[in-house]
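Thanks for coming, everyone. I have one structure to walk through today. Please bring it up on your screens.

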Amino acid sequence: SDRGLIGITLDPDFPNTPYVYLTYTTDIVPPNPNNSYSRIHRITRMTANGDVAITGSEVILIDDIPSDIDSHGGGALRFGPDHKLYVSTGDGASYYTATVLALRALDIDQLVGKILRVNPDGSAPPDNPFYAGPEGVRSKVWQSGLRNPFKASFRPGTGKLLINDVGWNGWEEVNQGPPGASFGWPCFEGTGPEDDYTRLFGSACASVTPTPPLAAFSHTSGAGAVTGGAFYEGSRYPPVYRDAYFLT
């Protein structure tokens with residue numbers, strides 16, 4: 001499914017700073033021997049020599065991100081205008097049925113279901129919303145409550161990150177919010193509560209107040225998985241399309 005290498009970006013000063021950043025799921029021994037899907041997702045940095053990676057140069061920046069199903073790993077790697085690295089992680093939980101593992105997306109002390117914001121060396125910037133030291137998990141959390149934020153894009157000229165979150169039974173979302181925002185998954189999806197999760201985990205969902213999506217697309221209207229997006233910055237399209245966000 002959507003595992004293996006699912007994200008790549010270059011240092012903003014490449015090739016003067018010859019770093020290549022990767023996000024992928026490992027094939028190491030499963031951390032949960034009772035789950036054949038169980039793996040670890042990680043964020044690493046390699047050093048390039050021209051268009052070739054230097055052997056042995058890989059440095060693990062963020063490790064041990066749970067991946068308990070063959071999907072929902074996230075995958076977006078983007079440097080913001082602040083030269084911080086923004087990383088999307090999926091909830092790592094089943095897409096077959098509602099499961100307690102999806103609730104990790106709401107827990108700021110877990111790496112899954114998040115947008116993480118880190119320095120180029122993987123440490124947490126002190127201006128992150130939940131900062132509690134450079135290496136703490138919550139220190140690296142920028143936003144939470146995401147299901148499978150496969151891709152994300154910055155609006156040119158701003159620090160606004162638009163996140164494409166692949167939905168479950170009902171909705172696809174494009175999310176944008178302030179530092180510390182929770183987009184509510186799995187208790188909320190699209191324009192309201194997610195019925196299966198609120199029925200099974202009502203007490204956990206009761207205190208969740210989500211930032212609503214910037215846009216939501218219902219499966220009943222024919223929407224499929226929202227997997228990519230980009231801003232058009234050219235001049236060949238008519239004015240109505242310039243600086244607009246195109247998504248698939």
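First, the ground rules. This is a predicted model, where local features need pLDDT of at least 70 and side-chain atom pairs count only at pLDDT 80 or more, while totals for chains, interfaces and linings use all residues. Residues are numbered from 1 along each chain as its sequence is written, and side-chain values use heavy atoms, with hydrogens and water left out.

Now the overall fold. The chain has three helices and 17 strands. Those are DSSP runs, numbered from the N terminus: H or I with at least four residues for helices, E with at least two for strands. The radius of gyration is 18 Å, close to the 18 Å that the globule rule gives for 248 residues, so the chain is as compact as a globular protein of that length. That radius is taken over C-alpha atoms, and the rule is 2.2 Å times the number of residues to the power 0.38. Along the principal axes, the C-alpha trace spans about 55 × 55 × 35 Å.

Of the 248 residues, 48% count as buried. Buried means under 20% relative accessible area, exposed means over 50%, and partly exposed is in between, with a 1.4 Å probe and protein chains only. Take the contacts with a separation of 6 or more: 54% of them come from residues 24 or more positions apart. A contact means heavy atoms within 4.5 Å.

On to surface and charge. The accessible surface is about 11,500 Å², and 54% of that belongs to carbon and sulfur atoms. Areas come from the Shrake-Rupley method with a 1.4 Å probe; for residues, only the protein chains shown count as cover. There are 18 positive and 26 negative side chains, and the centres of the two sets lie 3 Å apart. Lys and Arg count as positive, Asp and Glu as negative; His and the chain ends are not counted. Each charge is placed at NZ of Lys, CZ of Arg, CG of Asp or CD of Glu.

Now the rings. How many aromatic pairs does a search of the whole structure find? It finds 14. Rings of Phe, Tyr and Trp (its six-membered ring) pair if their centres lie within 6.5 Å; planes under 30 degrees apart are stacked, over 60 edge-to-face, and the rest tilted. Tyr86 is in strand β7 (residues 85-89) and Phe154 in strand β10 (residues 149-154), so the pair ties together parts that are 68 residues apart in sequence. Both residues, Tyr86 and Phe154, are buried. Look also at Trp168, Trp185, Tyr197 and Phe201, which ring pairs link into a cluster.

Backbone next. Most residues other than glycine have a negative phi, and most peptide bonds are trans. Here are some exceptions. Trp185, from that ring cluster, is joined to Pro186 by a cis peptide bond, with omega near 5 degrees. Pro186 sits in the loop between β12 (171-175) and β13 (188-189). Phe14 and Pro15 are also joined by a cis bond, omega about 5 degrees. Pro15 is in the loop between β1 (5-10) and β2 (19-25).

Then positive phi. His83 is not a glycine, yet its phi is about 65 degrees. His83 lies in the loop between β6 (77-79) and β7, and is partly exposed at 35% relative accessibility. Asp243 has a positive phi of about 65 degrees too. Asp243 is in the loop between β16 (229-231) and β17 (245-247). Is Asp243 buried or exposed? Exposed, with a relative accessible area of 53%.

Gly75 is in the loop between β5 (59-67) and β6, at 1% relative accessibility. Beyond four places in sequence, its contacts include Ile6, Thr23, Ser88 and Phe150. Ala93 lies in the loop between β7 and β8 (114-118), also buried at 1%. Ala93 and Arg104 are 11 residues apart along the chain, with C-alpha atoms separated by 8.9 Å, and the two residues touch. Thr25 is in strand β2, buried at 10%. Among the residues Thr25 touches are Arg3, Arg39, His41 and Ser67.
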